[in-house]
Amino acid sequence: MSGEKDLKTLLQNMKPVLNSGEYVFCKVESLNEIPDLEKLVFFFRETEAVTVVLETSVADEWELEYSYISSWITLNVHSSLEAVGLTAAFANTLKHENISCNVVAAYYHDHIFVVKEDAEKAMSALVMLSR
């Protein structure tokens with residue numbers, strides 16, 4: 001397994017980056033409803049439906065319903081999928097700022113989706129956590 005496991009090292013080197021754009025979570029019955037899979041940030045198949053995350057403008061173009069508009073923050077440290085405590089540390093920090101977060105752990109990085117209006121406040125809190 002590659003990636004960093006040490007929590008102290010992860011926190012010191014997480015280098016949060018606020019990605020440009022607005023992102024939404026939508027649901028579809030099947031990926032066959034998606035005109036262009038390359039425009040998805042990610043998807044996750046659940047029992048009830050398939051959740052797709054994509055830019056707001058694309059969801060609007062495809063006439064997909066959504067109610068939550070978010071900003072996307074990437075932690076630019078290669079965290080191991082076996083790392084313990086990183087998600088808890090940043091989620092707890094955001095909790096103290098009353099910021100909800102939706103987290104995606106991908107192979108190389110952790111990605112945090114926060115309500116668009118909370119993006120700058122979240123970035124400040126994450127930068128402080130890394131000090």
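Tutor: The account below concerns helix 3 and the core to which it contributes. The model is a predicted one. Helix 3 spans residues 86-96, and its buried residues are L86, A89, F90, T93 and L94. These residues lie on the same side of helix 3, because the arc they cover around the axis is only 125°. The face turned away from that buried side carries exposed residues, namely A88, K95 and H96. Just after helix 3, N98 adopts a positive phi of about 60°.

The buried residues of helix 3 pack against helix 1, strand 5, strand 6, strand 7 and helix 4. The largest nonpolar core has 18 residues, and those touching the most other members are I73, L75, L94, I112, V114 and L126. At least two residues of this core come from each of helix 1 (7-12), strand 5 (69-75), helix 3, strand 7 (110-115) and helix 4 (119-129). Helix 4 provides the largest share, five residues. With residues up to four places away in sequence left aside, L126 touches F90 and L94, and also M14, P16, I73, L75 and I112. Another core, of 13 residues, lies apart from this one and includes C26, L40, A59 and L64.

L81, Y107 and Y108 make a nonpolar patch of about 330 Å². Y108 is located in the loop between strand 6 (102-105) and strand 7. Its relative accessible area is 48%, so Y108 counts as partly exposed, the limit for exposed being over 50%.

How values were computed: Residues are numbered from 1 along each chain as its sequence is written. This is a predicted model: local features need pLDDT of at least 70, side-chain atom pairs count only at pLDDT 80 or more; totals for chains, interfaces and linings use all residues. Side-chain values use heavy atoms; hydrogens and water are left out. A nonpolar core is a set of buried Ala, Val, Leu, Ile, Met, Phe, Trp, Tyr and Cys residues joined through side-chain atoms within 4.5 Å. Buried means under 20% relative accessible area, exposed over 50%, partly exposed in between (1.4 Å probe, protein chains only). Helices (H or I, at least four residues) and strands (E, at least two) are DSSP runs, numbered from the N terminus. Contact means heavy atoms within 4.5 Å. Patches are made of residues with over 30% relative accessible area and no salt bridge: like charges are joined within 9 Å, nonpolar side chains (Val, Leu, Ile, Met, Phe, Trp, Tyr) within 5 Å. Accessible areas come from the Shrake-Rupley method with a 1.4 Å probe; for residues, only the protein chains shown count as cover. A salt bridge is a side-chain nitrogen of Lys or Arg within 4 Å of a carboxyl oxygen of Asp or Glu. The arc is that of the directions from the helix axis to the C-beta atoms.
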